[in-house]
Amino acid sequence: MAALISRRFAEESVQFLGKKVSIETSDNKTYSGILTGFNERFDLILDNVDSQQIQKLMVNGHFVKEVKLLERPFDLKALSERLSRVFPGLVKIREDVGAIIVMDKIKVTESGIEEGSGLAATRVKAIYDEFLRESKN
């Protein structure tokens, strides 16, 4: 059970990578920026820290009080459900790596099609583009 909980925590944490977050430290300092890295001890790396003259900041995990996601995470599950309607039984979601695999050859991430080509990949891209347009509204 502990392994399942740890895996689920890691999957959820990955959604914060590359997103704007706010970090509060145990000494009540707050930093906002793009989370570019973290490890199992919750040491964090922020880029482009707001309201500071700091380009990159590393925060020791022992001092992290809370981390808030300041933007909506990409909904892989909703996109995979939409793709499954067009490609039934051929869509696998890999939340641990933030990707959807279609037909075991097309890899879709938050950024778009990362692997795959051909007619199926063109159809997946059209579904992805439509999903993005609808998500922004």
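These questions and answers walk through a predicted model of one protein.

Me: How many helices and strands does the protein have?
Reply: Read along the sequence, the pattern is α-β-β-β-β-β-α-β-β-β-β-α. The secondary structure comes to three helices and nine strands.

Me: What percentage of the residues in the protein is buried?
Reply: The C-alpha trace spans about 55 × 40 × 25 Å along its principal axes. The protein exposes about 9000 Å², and carbon and sulfur atoms supply 52% of that area. Of the 137 residues, the buried share is 31%.

Me: How far apart do the centres of the positive and negative side chains lie?
Reply: There are 21 positive and 21 negative side chains. The centres of the two sets are separated by 3 Å.

Me: Which element gives the most residues to the largest nonpolar core?
Reply: The largest nonpolar core has 16 residues, and Leu79, Leu83, Ile100 and Val102 have the most contacts inside it. Elements giving two or more residues are α2 (76-86), β7 (99-102), β8 (106-109) and α3 (119-136). With six residues, the most comes from α3.

Me: Which residues does Leu83 touch, not counting residues up to four places away in sequence?
Reply: Leu83 is among the residues with the most contacts inside the largest core. Setting aside residues up to four places away, it touches Val91, Ile100, Val102, Val124 and Ile127.

Me: How many residues does the second, separate core have?
Reply: This core includes Tyr31, Leu35, Val49 and Val59. It is separate, and its residues number ten.

Me: How far apart in space are Val91 and Leu76, C-alpha to C-alpha?
Reply: In sequence, Val91 and Leu76 are 15 residues apart. In space, C-alpha to C-alpha, they are separated by 12 Å.

Me: Which residues is Lys77 in contact with, leaving aside its neighbours within four places in sequence?
Reply: Lys77 has its place in helix α2. It is partly exposed, at 46% relative accessible area. Ala99 is 22 residues away in sequence, with a C-alpha to C-alpha distance of 9.8 Å. Leaving aside neighbours within four places, the contacts of Lys77 are Ile93 and Glu95.

Me: What is the relative accessible area of Ser22?
Reply: Ser22 lies in strand β1 (residues 20-25). Beyond four places in sequence, it is in contact with Thr30, Tyr31, Ser32, Glu66, Val67, Lys68 and Leu70. Ser22 is buried, with a relative accessible area of 12%.

Me: Why is the pair of Phe74 and Tyr128 tilted?
Reply: The structure holds four aromatic pairs. The ring centres of Phe74 and Tyr128 are 6.3 Å apart. A pair is stacked under 30 degrees and edge-to-face over 60. The planes of Phe74 and Tyr128 sit between these cut-offs, so the pair is tilted because of an angle of 40°.

Me: How many residues apart are Phe74 and Phe131 in sequence?
Reply: The ring centres of Phe74 and Phe131 are 5.8 Å apart and the planes are at 75°, so this pair is edge-to-face. Phe74 is buried, and so is Phe131. Phe74 lies in the loop between β5 and α2, Phe131 in helix α3, so the pair ties together parts separated in sequence by 57 residues.

Me: Which residues do ring pairs link into a cluster?
Reply: The structure holds four aromatic pairs. Ring pairs link into a cluster Phe9, Phe38 and Phe42.

Me: What is the phi of Asn48?
Reply: Most residues other than glycine have a negative phi. Asn48 lies in the loop between β3 (44-47) and β4 (56-59). It is partly exposed, at 47% relative accessible area. Although Asn48 is not a glycine, its phi is positive, at about 50°.

Me: What value is the phi of Met103 near?
Reply: Met103 lies in the loop between β7 and β8. At 28% relative accessibility, Met103 counts as partly exposed. Met103 is a residue other than glycine, yet its phi is positive, near 55°.

Key: Residues are numbered from 1 along each chain as its sequence is written. This is a predicted model: local features need pLDDT of at least 70, side-chain atom pairs count only at pLDDT 80 or more; totals for chains, interfaces and linings use all residues. Side-chain values use heavy atoms; hydrogens and water are left out. A nonpolar core is a set of buried Ala, Val, Leu, Ile, Met, Phe, Trp, Tyr and Cys residues joined through side-chain atoms within 4.5 Å. Buried means under 20% relative accessible area, exposed over 50%, partly exposed in between (1.4 Å probe, protein chains only). Helices (H or I, at least four residues) and strands (E, at least two) are DSSP runs, numbered from the N terminus. Contact means heavy atoms within 4.5 Å. Rings of Phe, Tyr and Trp (its six-membered ring) pair if their centres lie within 6.5 Å; planes under 30 degrees apart count as stacked, over 60 as edge-to-face and the rest as tilted. Accessible areas come from the Shrake-Rupley method with a 1.4 Å probe; for residues, only the protein chains shown count as cover. Lys and Arg count as positive and Asp and Glu as negative; His and the chain ends are not counted. The place of a charge is taken as NZ of Lys, CZ of Arg, CG of Asp or CD of Glu.
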